[in-house]
Amino acid sequence: MADTTLMSIPGQVDPVPVARDITPRADGRVDLIGLPRPRIAELFAEAGLDPRQAKLRAKQVYHWLYHRGATSFEAMTDIAKAMRPWLAERFVIGRPDVVEAQHSSDGTRKWLLSTADGHEFEMVFIPDADRGTLCVSSQVGCTLNCRFCHTGTMRLVRNLTPGEIVGQVMLARDALGEWPRGRMDVAEVEDEAEYTADGRLLTNIVMMGMGEPLYNFDNVRDALRLVMDGDGLALSKRRITLSTSGVVPMMARCGEEIGVNLAVSLHAVTKDVRDEIVPLNRKYGIEELLAACAAYPGASNVRRITFEYVMLKDKNDSDEDARELVRLLRKFDLPAKVNLIPFNPWPGAPYECSSPERIRRFSDIVFEAGISAPVRTPRGRDIDAACGQLKTTAQKMSRAQRDREAQAAAGREAAEAAPSPAAAP
Ligand code: SAH
Ligand code: SF4
């Protein structure tokens with residue numbers, strides 16, 4: 001088993017630093033997945049190639065790894081035959097381990113994955129008529145404890161490394177059989193209508209799996225750079241969305257250093273309610289968050305910011321809330337769309353989902369103000385793949401076990417409290 005440094009748990013507010021870019025392996029070989037080209041060249045030089053050779057080989061290997069999805073050095077046909085075993089003795093091409101793969105009746109797929117050192121996390125693929133979206137995790141667990149989110153009930157185990165993040169996308173391409181056979185550069189300005197013409201299933205990525213991506217900024221950035229590189233996975237930044245619960249100090253860097261679309265988990269329009277359901281609000285309030293959105297590099301009427309709003313019965317779903325949402329978005333002059341997410345319940349959740357009529361009314365009020373506010377259809381509910389339901393099976397089992405134990409204990413208490421037949425009058 002590889003040696004792991006557990007991340008220190010930083011409390012609710014500060015980014016979690018991660019120093020390591022290489023996951024150590026028991027056999028001493030180095031996993032190249034997650035490393036950028038210059039780092040691969042450095043490792044080749046350290047292993048004994050002269051600098052020019054190292055650079056050339058790194059360029060070739062990088063292309064095979066990220067652009068073509070090769071999983072063995074043998075497949076790298078433009079690298080000299082004698083060189084391939086030399087590479088295989090020193091390096092590996094990893095993927096997260098698949099613990100379990102599930103298929104929903106609506107086509108959604110969920111994978112329970114494991115890191116080399118045995119931490120489990122999840123990834124979800126959601127196919128639609130015109131696109132296929134991969135929902136990628138950034139952390140094992142989450143420090144933020146949003147009250148409606150199942151992942152928030154786990155403690156943070158650790159940040160995922162760049163290799164474990166980009167590895168999810170690579171594994172999805174393996175599973176969907178979607179590695180290109182030739183070059184596939186990203187067009188500077190993409191025509192949305194033409195993009196799916198090559199029949200690809202995985203067209204979009206959302207950083208909406210387990211964890212808060214802006215608390216693992218460096219690793220998420222490094223992974224997404226490999227995804228966006230034309231010689232890497234070659235997915236346009238316009239097709240990638242990062243969702244944050246509102247880590248204000250990292251938002252500008254997200255726009256500058258990653259440049260992907262931004263989604264913000266707003267979920268409430270008053271301090272009291274947002275403090276309760278998204279506790280990070282106590283640190284970065286609504287106005288501060290919306291000001292950071294207004295300043296988000298790259299946001300425009302063409303690339304609008306998505307505001308996610310989970311519909312919780314009698315909590316945040318009144319007409320007044322909808323009107324306040326419109327007022328706030330106008331006040332900050334935000335190029336915005338609102339995604340209304342029906343709350344996905346989980347065992348023991350403290351909220352209920354708003355009624356369909358309430359959600360429709362809320363949506364109408366926002367639409368009537370000229371802001372798009374579609375209601376998101378929950379997907380993959382039968383396999384617990386919907387928003388906020390991601391939590392590893394092992395954790396769910398222990399919870400189910402705990403619930404059973406609690407029930408049994410409550411039963412015992414009730415039996416003890418009940419008057420015994422002998423004592424009854
Ligand atoms: N940590 C990031 C990204 C992961 S959560 C964030 O909070 O934005 C992805 C989305 O699912 C967020 O908008 C989150 O608030 C929402 N979500 C979490 N639990 C949910 C639930 N039980 N029902 C519906 N949406 C939920
Ligand atoms: Fe973490 Fe996002 Fe869940 Fe909040 S909603 S607990 S930030 S994963």
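Student: Which residues does UniProt list for "binding site", G211 being one of them?
Tutor: The unreviewed entry lists G211, E212, S243, S265, L266, H267 and N344. UniProt positions are in the numbering used here, feature names are shortened, and annotations may be inferred rather than shown by experiment. This is a predicted model: local features need pLDDT of at least 70, side-chain atom pairs count only at pLDDT 80 or more, and totals for chains, interfaces and linings use all residues. Residues are numbered from 1 along each chain as its sequence is written, chains are lettered from A and ligands numbered from 1 in the order in which they are written, and side-chain values use heavy atoms, with hydrogens and water left out.

Student: OK, take L266. Buried or exposed?
Tutor: L266 is buried because its relative accessible area is 1%, and buried means under 20%, exposed over 50% and partly exposed in between (1.4 Å probe, protein chains only). L266 is in the loop between β11 (261-265) and α8 (271-277). Helices (H or I, at least four residues) and strands (E, at least two) are DSSP runs, numbered from the N terminus.

Student: What does L266 touch?
Tutor: Not counting residues up to four places away in sequence, L266 touches R274, V278, L289, L290, F307, E308 and L325. Contact here means heavy atoms within 4.5 Å.

Student: And where is G211 found?
Tutor: In the loop between β9 (204-207) and α6 (217-228). With residues up to four places away in sequence set aside, G211 touches S138, Q139, G141, C142 and T151.

Student: Where does UniProt place "binding site" among the cysteines?
Tutor: At C142, C146 and C149, again from an unreviewed entry. C146 is in the loop between β7 (139-140) and β8 (158-159), and C149 is in the loop between β7 and β8 as well.

Student: Why does C149 count as buried?
Tutor: Because its relative accessibility is 17%. C146 is also buried, with a relative accessible area of 14%. Leaving aside neighbours within four places in sequence, C146 is in contact with I277, V278 and P279.

Student: What about N145, buried or partly exposed?
Tutor: N145 counts as partly exposed because its relative accessibility is 34%. N145 sits in the loop between β7 and β8, and has a positive phi of about 50° although it is not a glycine.
Student: And what is the phi of D333?
Tutor: Positive, about 55°, and D333 is not a glycine either. D333 lies in the loop between α10 (319-331) and β13 (336-342), and counts as exposed at 66% relative accessibility.

Student: Switching topic: how many aromatic pairs are there?
Tutor: The structure holds 3. One of them is Y62 with Y66, edge-to-face at 4.9 Å centre to centre and 65° between the planes. Rings of Phe, Tyr and Trp (its six-membered ring) pair if their centres lie within 6.5 Å; planes under 30 degrees apart count as stacked, over 60 as edge-to-face and the rest as tilted.

Student: Where do Y62 and Y66 lie?
Tutor: Both lie in helix α2 (residues 51-67), 4 residues apart, about one turn of the helix.

Student: What sits over the ring of Y62?
Tutor: The charged end of R37, 4.2 Å from the ring centre. The test is NZ of Lys or CZ of Arg within 6 Å of the ring centre and within 35 degrees of the ring normal. The charged end of R173 likewise sits over the ring of W179, 5.2 Å from its centre.

Student: Last one: how many helices and strands does the chain have?
Tutor: There are 12 helices and 13 strands. Of the 425 residues in the chain, 53% are buried. Among contacts between residues at least 6 apart in sequence, 68% join residues at least 24 apart.
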